[in-house]
Amino acid sequence: MNENAPDPALYDYHPYKDRQKIVWPGGKTCAVWVAPNLEYYEIDPPTNPHRKPWARPHPDVVGYSYRDHSNRVSHWRMADVMEQHGFPGSVSLSVALCQHHPEVVADGAARGWEFFSHGIYNTRYSYGMDVAQERAIIEDSIRTVREATGQTIRGWLAPALTHTPRTLDLLAEYGLDYTCDLYHDDQLQEVKVTSGKLASIPYSLEVNDHYGFNVYGMSGREYADCLIRQFERLASEGEYSGTVMCIPLHGYLIGQPHRIGPFAEALRHIAADPRCWQAKAGEIVDAWRDRANNPSPHVEGKR
Amino acid sequence: MSLPDSYLDYSRRRKGYDHDLYRWSNIHTREPVRWPGDASVAVFVCVSLEWFPILPVDEPFRAPGHMVTPYPDYRHYTARDYGNRVGVFRMLEAFARAGVTVSFAVNALVAERYPELIDTVKAGGHEIIAHSTDMNGTIDSSLSESDERALVGDALNRLEAATGVKPEGWLSVARSQSWRTADLLKEHGLAYCCDWVNDELPWRFANGLINLPLSVDLSDRQIVAVQQHSAEAWAQMMRDAFDWLAAESVAQSSARVLPMQLTPYIMGQPFRIDALQTLLVELAARKEAWFASGNAIVKSWAAQS
């Protein structure tokens with residue numbers, strides 16, 4: 001990025017009209033990926049001068065135990081419902097979860113989920129890191145996930161969405177293929193990096209369950225309706241050029257007993273639609289990169 | 001501002017938690033739990049009886065629901081007191097009509113100030129658990145050990161003196177604890193607390209104290225006051241939760257708890273109380289439901305765990 005410039009120059013402007021047509025495998029119009037955040041929040045983390053980890057003096061009992069619910073109860077509820085409706089997970093992983101609760105990570109791996117890094121802990125922020133420190137967390141992430149799952153991470157969602165001006169360049173330098181940190185589009189886009197290539201894959205704040213429940217205060221039924229409307233619109237627009245819908249989740253939110261039933265119904269609806277491509281993040285990035293080698297037989301997309 | 005390299009030290013990065021307060025376990029693979037009558041869902045209704053002094057204190061912190069305007073805040077003082085004068089009696093009637101037993105988390109000062117209310121709670125066969133001295137009696141780690149010990153002791157002694165009942169359970173104001181709270185509660189002879197929201201069954205701290213989780217997300221304060229849903233929408237969420245837990249219980253052959261925290265000045269309003277009463281009558285008629293006090297749930301669980 002252009003550090004300290006008004007325009008960070010993260011990407012080129014690319015209007016949502018007359019774009020190159022993208023057709024997802026099998027002729028699908030909307031790639032739907034589900035991104036469970038498997039996180040570990042520390043009870044007594046050190047303080048980063050740029051951001052306080054907890055609202056309350058440690059231990060913040062409600063804040064900590066609210067999130068601990070994922071790793072004792074709601075992860076499995078969320079994962080079972082996803083599997084029942086054919087959605088694999090692409091996991092935003094606090095990699096230290098591999099040490100604390102390897103049972104949770106192993107459960108995702110056994111279901112065939114893909115793992116990418118969400119930092120070491122969701123209570124350790126990148127703000128203020130120098131380049132050596134930031135390299136250390138990327139290398140730690142690659143090593144830790146490889147040891148725990150055999151997978152080589154391909155993507156990144158910054159811990160607690162905290163970045164430095166170097167983050168995206170470093171991800172590309174380490175050979176990562178995608179970032180979930182930019183919210184500027186409903187299709188994949190090229191990120192401007194100093195070396196290599198980095199794709200921005202649509203994640204989402206607006207249909208993230210955290211926004212649904214703790215920002216907008218929706219009921220489980222309202223959130224499920226919102227997911228269906230999001231899908232219907234993106235699947236329809238995808239006739240012109242394939243779109244991407246991400247469903248970012250947290251077990252402790254979506255896996256609450258009053259929300260999981262309506263969520264399961266939303267997944268059932270989306271999975272049953274012939275326009276839906278149930279995919280993992282890496283598969284979506286690969287299909288998008290391949291479009292240059294396998295140009296669509298259809299005419300240029302118009303809207 | 002740069003970060004010291006120690007920011008990348010992870011001294012508690014290890015198997016299990018980064019603390020020693022309690023141990024990890026997965027609810028779905030634990031030894032099965034059963035409730036009396038083979039009910040699959042224990043419904044734990046917990047009503048908070050709160051007294052907010054018109055002179056709030058901000059140390060350790062100002063409790064949710066406390067005074068807002070410059071002194072004298074008649075608006076919030078009286079609107080909260082409405083719950084203890086009117087709203088709670090509507091709830092007590094709803095409990096009687098549904099034939100359910102619940103727990104009341106009571107500020108010691110409420111018990112001292114409103115003996116007629118306590119008599120009605122006791123006559124209904126409900127449990128009384130401790131809920132600090134009043135809504136200024138907050139706890140966090142900024143409180144000294146001696147002050148926290150004095151607060152817990154004072155709350156328990158005064159509650160017992162005013163009600164004639166020695167409480168077995170504790171709910172902290174805003175569920176906020178210090179590093180020491182679990183040990184202090186144990187030291188004062190309590191059997192359980194309801195502050196940690198990480199599970200849907202009781203569990204034990206390392207010191208033997210039991211935690212009976214009382215969900216924030218399923219509370220009327222969160223759903224109605226914070227998220228601003230109607231009482232009918234709240235009731236629908238409770239039905240959805242009950243149905244899910246009942247089905248999960250069958251699938252996993254192990255019982256569950258549905259926690260339902262109620263606040264008299266919120267759910268005891270005339271336009272909301274029918275939604276509560278209708279829900280309670282409906283759920284109480286379900287064969288899967290066991291409406292029980294916290295104490296009964298904890299005792300049943302402890303006998304098999």
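In strand 3 of chain A, Ser117(A) is the bridge partner of Leu93(A). Strand 3 runs parallel to strand 2 of chain A, and 4 bridges join them (two strands pair if DSSP finds at least two bridges between them; strands are DSSP runs of E with at least two residues and helices runs of H or I with at least four, numbered from the N terminus). The model is predicted: local features need pLDDT of at least 70 and side-chain atom pairs count only at pLDDT 80 or more, while totals for chains, interfaces and linings use all residues. Residues are numbered from 1 along each chain as its sequence is written, chains are lettered from A and ligands numbered from 1 in the order in which they are written, and side-chain values use heavy atoms, with hydrogens and water left out.

In regular strands, side chains alternate between the two faces of the sheet. From strand 3 (residues 114–117) of chain A, Glu114(A) and Phe116(A) point one way and Phe115(A) and Ser117(A) the other, and all are buried (buried is under 20% relative accessible area, exposed over 50%, partly exposed in between, with a 1.4 Å probe and protein chains only). Ser92(A), in strand 2 (residues 90–93) of chain A, is buried at 0% relative accessibility. Beyond its neighbours within four places in sequence, Ser92(A) is in contact (heavy atoms within 4.5 Å) with Pro36(A), Asn37(A), Leu38(A), Phe116(A), His118(A) and Leu157(A).

The 18 residues of helix 7 (residues 220–237) of chain A should span 26 Å at 1.5 Å a residue, and the end C-alpha atoms are 26 Å apart, which agrees (the expected span is 1.5 Å times one less than the number of residues). The buried residues of this helix include Tyr223(A), Leu227(A), Phe231(A) and Leu234(A). Exposed residues Arg229(A) and Arg233(A) are carried on the face turned away from the buried side. Among the elements covering the buried residues are strand 1 (30–38), strand 8 (243–250) and helix 9 (260–272) of chain A.

Over all chains, the structure holds 41 salt bridges (a side-chain nitrogen of Lys or Arg within 4 Å of a carboxyl oxygen of Asp or Glu). Arg111(A) forms a salt bridge with Asp80(A), the closest N and O atoms being 2.9 Å apart; the pair links the loop between helix 3 (102–110) and strand 3 of chain A to helix 1 (residues 61–84) of chain A, across 31 residues. Arg111(A) also meets Glu83(A) in a salt bridge at 3.2 Å, N to O. Asp80(A) is partly exposed at 39% relative accessible area, and Glu83(A) is partly exposed at 46%. A network of salt bridges links Arg77(A), Glu200(B), Glu248(B) and Arg256(B).
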